[in-house]
Amino acid sequence: MNLKSRLFPNLQQQERVHYETDGVADLLSDSIMNHLPRLYYKQIVVVCIGTDRSTGDSLGPLVGSKIQKDISYFHVYGTLKDPVHAVNLAETLEHIHEKHKNPFIIAIDACLGRMKSVGFIQIDKGSIKPGAGVNKDLPPVGDMHITGIVNISGYMEYLVLQNTRLHVVVSMADQIAEGILKAEEAYLEKRLSIRRDWLNTLNDSPNQQEQKNLDQSQQA
């Protein structure tokens, strides 16, 4: 859990949407696609941070569990069964960089914020600092991040996280998971489209050369 929404109260430059907004998964998918690298051969790793021992901090593991069974190209770390949290975060990041060559990392985490911001899902470029909300010094994570504001910040954060409504967290996790799966589908389609265009270019090359030779012979 991080406190980015409290540390950076001006969120106008961030892309964010409430989980009850119509078509929220499509909006999240479009926003994720806008942040993903244009090098479509790059490995995409989703790191879902949090723990199932705290309702408010279970957003990440819930998302990880929801997408794990349906994901086909992205790589997922952090589920309800195998969470990524304060104890193993550094070790997990080390493992990711050993297994995946220069990956693009999407970090997912819960955060606390202002009352009027509860229920909003935020997407932004750059890393997040997990544990900032509960005074833990953990390494930054992500080339981009998705955070869900699950409750109010400012006082006794541990207690606030423990008393966060499960309905809100699960509903946000549902939308984030669907948005990621839609983004993966769009990303793969774009990747295949680029490959098809490249193959078509290779297939057209002999014909183009033949036509060029014919034109030159006619001119002679």
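Predicted model: local features only at pLDDT ≥ 70, side-chain atom pairs only at ≥ 80, totals over all residues.
## Notebook: a first walk through the chain

**Entry 1, the whole chain.** I began with contacts, meaning heavy atoms within 4.5 Å. Among contacts in the protein chain with a separation of 6 or more, 76% are between residues 24 or more positions apart. Residues are numbered from 1 along each chain as its sequence is written, and side-chain values use heavy atoms, with hydrogens and water left out.

I then looked up the secondary structure and found six helices and six strands in the protein chain. These are DSSP runs numbered from the N terminus, with helices (H or I) of at least four residues and strands (E) of at least two. Along the sequence, I read their order as α-β-α-β-α-β-α-β-β-β-α-α.

Next came burial: 48% of the 220 residues count as buried. Buried means under 20% relative accessible area, exposed means over 50%, and partly exposed is in between (1.4 Å probe, protein chains only). The chain exposes about 12000 Å², and 50% of that comes from carbon and sulfur atoms. Those areas come from the Shrake-Rupley method with a 1.4 Å probe; for residues, only the protein chains shown count as cover.

I looked for sets of buried Ala, Val, Leu, Ile, Met, Phe, Trp, Tyr and Cys residues joined through side-chain atoms within 4.5 Å, which is what a nonpolar core means here. The largest one has 40 residues, and Leu 36, Val 63, Ile 106, Ile 146 and Ile 180 have the most contacts inside it. Several elements give two or more residues to this core, including helix 2 (24-35), strand 2 (44-48), helix 3 (59-68) and strand 6 (144-152). Helix 6 gives the most, with nine residues.

Setting aside neighbours within four places in sequence, Ile 180 is in contact with several residues, among them Ile 32, Val 46, Val 63, Ile 108 and Ile 146. There is also a second, separate core of 13 residues, which includes Val 45, Tyr 77, Leu 89 and Leu 93.

Is helix 3 largely enclosed or open? Seven of its 10 residues are buried, so helix 3 is largely enclosed by the rest of the structure. I listed the buried ones as Leu 59, Gly 60, Pro 61, Leu 62, Val 63, Gly 64 and Ile 67.

Glu 184 is found in helix 6. This residue is buried yet has no salt bridge, and the nearest side chain of opposite charge, Arg 191, is 9.8 Å away. For charge, Lys and Arg count as positive and Asp and Glu as negative; His and the chain ends are not counted. What does Glu 184 touch, apart from residues up to four places away in sequence? I found Asp 70, Ile 71, Ser 72, Tyr 73 and Phe 74. A polar atom of the Glu 184 side chain lies 2.9 Å from the backbone nitrogen of Ser 72.

A salt bridge puts a side-chain nitrogen of Lys or Arg within 4 Å of a carboxyl oxygen of Asp or Glu. How many does the structure hold? I found two.

- Lys 182 and Asp 26 meet through their side chains at 3.3 Å, N to O. Lys 182 lies in helix 6 and Asp 26 in helix 2, so the pair ties together parts 156 residues apart in sequence. Lys 182 is partly exposed at 28% relative accessibility, and Asp 26 is partly exposed at 40%.
- Asp 174 pairs with Lys 66, their closest N and O atoms being 2.6 Å apart. Here Asp 174 in helix 6 is linked to Lys 66 in helix 3, 108 residues apart. Asp 174 counts as partly exposed at 35% relative accessibility, and Lys 66 does at 23%.

Asn 102 sits in the loop between helix 4 (89-99) and strand 4 (104-113). Asn 102 has a positive phi of about 45° although it is not a glycine, and is exposed at 55% relative accessible area.

Gly 23 lies in the loop between strand 1 (15-18) and helix 2. The C-alpha atoms of Gly 23 and Gln 175 are separated by 9.3 Å, though these residues are 152 apart along the chain.

I ended on Ser 54, in the loop between strand 2 and helix 3. Is Ser 54 buried or exposed? At 8% relative accessibility, Ser 54 counts as buried. Beyond neighbours within four places in sequence, Ser 54 is in contact with Leu 161 and Gln 162.

Conventions: Polar contact = N/O pair within 3.5 Å; in protein donor to acceptor, adjacent residues only side chain to side chain.
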